[in-house]
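Please read the following report alongside the sequence and the coordinates.

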Amino acid sequence: MGTGQRLRTCPCGVKAATAGQLVCRGCLTPLALTVRPAASSAKSPSRKAEAGCAPAGLTVRDPVRSPAPPGLRLEFPSGAIVVPAGQTVALGRECPDAEILERFGNLSRRHATVCVDPDGTGWIQDEHSMNGTFLDGRRLSPGARARLKPGDSLRFAADVPVRVLRSVRR
């Protein structure tokens, strides 16, 4: 690493492993969305994020120009479902937004609901399914709501694995 190149630190607190790293290893946020503050100057004070404080050494881009928070991409054996920020999707054999799940006879008609808050926080709720919803190997209680994040592993019933990824905006 040459002089003048410093490793970026994501707002979640994880430091990049290399100077050229593009995505945070902790929360998968693109590191290009974080900017280092300008050299110390009375004209350009560091700004704080409206929803919280940025870690020392970082400023947050103007919320008007920043892209909307990404949603979640749920990858099933039969395809993928994207849940944008601020949206809710019902998942099951008879859910119109989840037609790719029709072929799985061991899923309930309405098995689970996935919601992504406007700030990008994801949630899953088991809808009292017959064969269960599992998050990282742990069965969710019927009606229970659990936080979802990229990298989590879901399973519906005994044999429907789901990978949770951050959706990519194009």
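## Two residues with positive phi

Alanine 157 is found in the loop between E11 and E12, and in this predicted model its phi is near 55°, a positive value in a residue other than glycine. Most residues other than glycine have a negative phi. Alanine 157 counts as buried because its relative accessible area is 2%, which lies under the 20% limit.

Histidine 128 also has a positive phi, of about 60°, although it is not a glycine. The loop that holds histidine 128 runs between strand E7 (122–126) and E8. Is histidine 128 buried or exposed? With a relative accessibility of 58%, histidine 128 counts as exposed, since the limit for that class is over 50%.

## Strands and sheet

Six of the strands form an open sheet in the order E4-E3-E12-E11-E8-E9, with antiparallel pairing. The edges of this sheet are E4 and strand E9 (138–139), each of which pairs on one side only.

Strand E8 (residues 133–135) and E9 run antiparallel and are joined by two bridges. Phenylalanine 134 has arginine 139, in E9, as its bridge partner.

In soluble globular proteins, nonpolar side chains tend to be buried together. Here the largest nonpolar core has 27 residues, and those with the most contacts inside it are Leu74, Phe76, Leu91, Ile124, Leu148 and Phe156. Strands that each supply at least two residues of this core include strand E3 (72–76), strand E5 (87–91), strand E6 (112–116), strand E10 (145–148) and strand E12 (160–166). Leucine 74 touches Gly79, Ala80, Ile81, Val83, Leu91, Val114, Val162, Arg163 and Val164, when residues up to four places away in sequence are not counted.

The count of aromatic pairs comes to one. Phenylalanine 76 and phenylalanine 156 form this pair, which is tilted, with 5.9 Å centre to centre and 50° between the planes. The pair links distant parts of the chain, with phenylalanine 76 in strand E3 and phenylalanine 156 in strand E11, 80 residues apart. Phenylalanine 76 is buried because its relative accessible area is 7%, and phenylalanine 156 counts as buried because its relative accessibility is 0%.

## A buried serine in a loop

Serine 108 is found in the loop between E5 and E6. Which residues does serine 108 touch, not counting residues up to four places away in sequence? Serine 108 touches Gly92, Arg93, Ser129 and Met130. Serine 108 counts as buried because its relative accessibility is 14%.

## The chain as a whole, and its confidence

Of the 170 residues of the chain, 31% count as buried, and the accessible surface comes to about 10400 Å², of which 52% belongs to carbon and sulfur atoms. Among contacts between residues at least 6 apart in sequence, 38% join residues at least 24 apart.

The chain averages a pLDDT of 76, and 60% of the residues score at least 70. Over residues 35–63 the pLDDT is below 50, and this stretch has 35 contacts in the model beyond near neighbours in sequence.

Technical notes
Residues are numbered from 1 along each chain as its sequence is written. Side-chain values use heavy atoms; hydrogens and water are left out. pLDDT is the predictor's confidence in each residue, from 0 to 100. Contact means heavy atoms within 4.5 Å. A nonpolar core is a set of buried Ala, Val, Leu, Ile, Met, Phe, Trp, Tyr and Cys residues joined through side-chain atoms within 4.5 Å. Buried means under 20% relative accessible area, exposed over 50%, partly exposed in between (1.4 Å probe, protein chains only). Helices (H or I, at least four residues) and strands (E, at least two) are DSSP runs, numbered from the N terminus. Two strands pair if DSSP finds at least two bridges between them. Accessible areas come from the Shrake-Rupley method with a 1.4 Å probe; for residues, only the protein chains shown count as cover. Rings of Phe, Tyr and Trp (its six-membered ring) pair if their centres lie within 6.5 Å; planes under 30 degrees apart count as stacked, over 60 as edge-to-face and the rest as tilted.
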